[in-house]
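Please consult the sequence and coordinates alongside the text.

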Amino acid sequence: MKIIKVKNQIEGAQIGFDIFKQALENDAKVFGLATGSTPIKLYEVLRNSDLDFSNSISINLDEYLGLSGDNPQSYRYFMTQQLFNQKPFQHSYVPDGVKTDTALATKEYDQIIDKHPIDLQLLGIGHNGHIGFNEPGTSFESKTHVVDLQPSTIEANARFFEKPEDVPTQAISMGIASVMSAKHILLMAYGESKAEAISKMINGPVTEEMPASILQKHNSVTIIVDEAAANKLN
Ligand code: F6R
C-alpha cells in the first residue's frame, strides 16, 4: 500500500486528479466511482479540468434500494450533479435501485463489471471499515448484492436526508471481490472519525469484520489521508 499524507482535501483532490490523469494517459478505460462526502473535492477538480472521459466507462459502487435516479438523494443523482453533467462518460453505470427483481439487478451489474474490468477504483471508507456498502461481516468473495445497512451507516448518512427515517435501510453494492478485481485502487479518507478504520485497515488483521482490511492483499493500492485520518497510524 502506498500511503500519501496530505494537509487537506484540496491537496488530496489534486493528487487524486493526478492519479486519474495518469490512468487516462496509460489507456485506462473503466473507472470505478464512489459517492459520499469524501470524493466531492476530487469531483470538483475533475469536472473543471480538461480531462476527457467521453471514451471512458464509469461504474459506481452502490445505490440505495428504492431510490430512482431522479431522486436528489440517490447516488445516480449525486453523480450526475457532481461529475457527469459536466464530464460525460461514454457510459455511466450505477446500480438500479428501483428494479423490483433485485436478483436480476445484481446479476446484471456483475455482468457489466465482467464486461468492463475496472482499471481504477475510487473508494471512501466507512467508520466501521465498510467499502462500497459492504458492511462488516460481508464475505470477501462477495459480488454485487443487496445489503442491509448497519444502524451506524444509516446514522452517518442521515445528514444527507431531511429526517433520519428517510434514509433507506438497504442498498445494492458492488461486492468485495468486484472491488478487489480492479487493477488499481485509490482510497481517500479525511477527518478524525476515519482514523480508527484507517489504522485497522492498514495495520490490523485481514478480517471480514473490517472489510477494508482486504486491501492489504491487493498489489496496487494508493491511500490518501489527511493528518486527522492518519493520526492512529504508527
Ligand atoms: C459511497 C460508498 C461508501 C462511502 C463511505 C464513506 O459510494 O461506497 O463506502 O465511501 O460510506 O462515506 P463519506 O465519504 O460520506 O464519509
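## The parallel sheet

Strands β1 and β10 are paired in the parallel sense, with 5 bridges between them. Within this pairing, V6 stands opposite D226 of β10. The coordinates come from a predicted model.

The two strands belong to an open sheet of 7 strands, arranged in the order β1-β10-β9-β6-β2-β3-β5 with parallel pairing. Its edge strands are β1 (2-6) and β5 (91-93), each of which pairs on one side only. From one strand to the next, the twist averages 15°.

## Strand β10 and its partner β9

Strand β9 (residues 184-189) is also joined to β10 (residues 221-226), by 5 bridges in a parallel arrangement. Strand β10 is mostly covered, since 5 of its 6 residues are buried. In a regular strand, the side chains alternate between the two faces of the sheet.

## The antiparallel sheet

A further open sheet is formed by 3 strands in the order β4-β8-β7, and its pairing is antiparallel. Here β4 (62-64) and β7 (145-148) are the edge strands, each pairing on one side only. The twist in this sheet averages 30° from one strand to the next.

Strand β7 is connected to β8 (residues 170-173) through 4 bridges, and the two strands run antiparallel.

## Residue I172

Is I172 buried or exposed? This residue of strand β8 is buried, because 25 other C-beta atoms lie within 10 Å, against a threshold of 20 or more for that class.

The C-alpha atoms of I172 and L65 are separated by 6.2 Å, although the two residues are 107 residues apart along the chain. With neighbours within four places in sequence left aside, the contacts of I172 include D62, E63 and L65, as well as P95 and G97.

## Helix α2

Which residues of helix α2 (residues 40-47) are buried? They are K41, L42, Y43 and L46. The cover over these buried residues includes helices α1 (9-25) and α3 (75-84). An α-helix has 3.6 residues a turn, so residues three or four places apart point the same way.

## Ligand surroundings

The ligand has 14 residues around it, of which T35, G36, S37, T38 and G124 come nearest. By residue class, the shell around the ligand divides into 5 nonpolar, 8 polar and 1 charged.

## Annotated domain

The UniProt record, an unreviewed entry, places the feature "domain: Glucosamine/galactosamine-6-phosphate isomerase" at residues 26-221. In the model, the end C-alpha atoms of residues 26-221 lie 17 Å apart. This span is 27% helix and 17% strand.

Definitions and conventions. Residues are numbered from 1 along each chain as its sequence is written. This is a predicted model: local features need pLDDT of at least 70, side-chain atom pairs count only at pLDDT 80 or more; totals for chains, interfaces and linings use all residues. A residue is near a molecule or strand if its C-beta atom, placed from the backbone, lies within 6 Å of it. Ala, Val, Leu, Ile, Met, Phe, Trp, Tyr, Cys and Pro count as nonpolar, Asp, Glu, Lys and Arg as charged, and the others, Gly among them, as polar. Two strands pair if DSSP finds at least two bridges between them. Axes are lines fitted to C-alpha atoms, for helices over the stretch in contact, and angles run from 0 to 180 degrees between N-to-C directions. A residue is buried if 20 or more other C-beta atoms lie within 10 Å of its own, exposed if 12 or fewer, and partly exposed in between; C-beta atoms are placed from the backbone. Two residues are in contact if their C-beta atoms, placed from the backbone, lie within 7 Å. UniProt positions are given in the numbering used here, feature names are shortened, and annotations may be inferred rather than shown by experiment.
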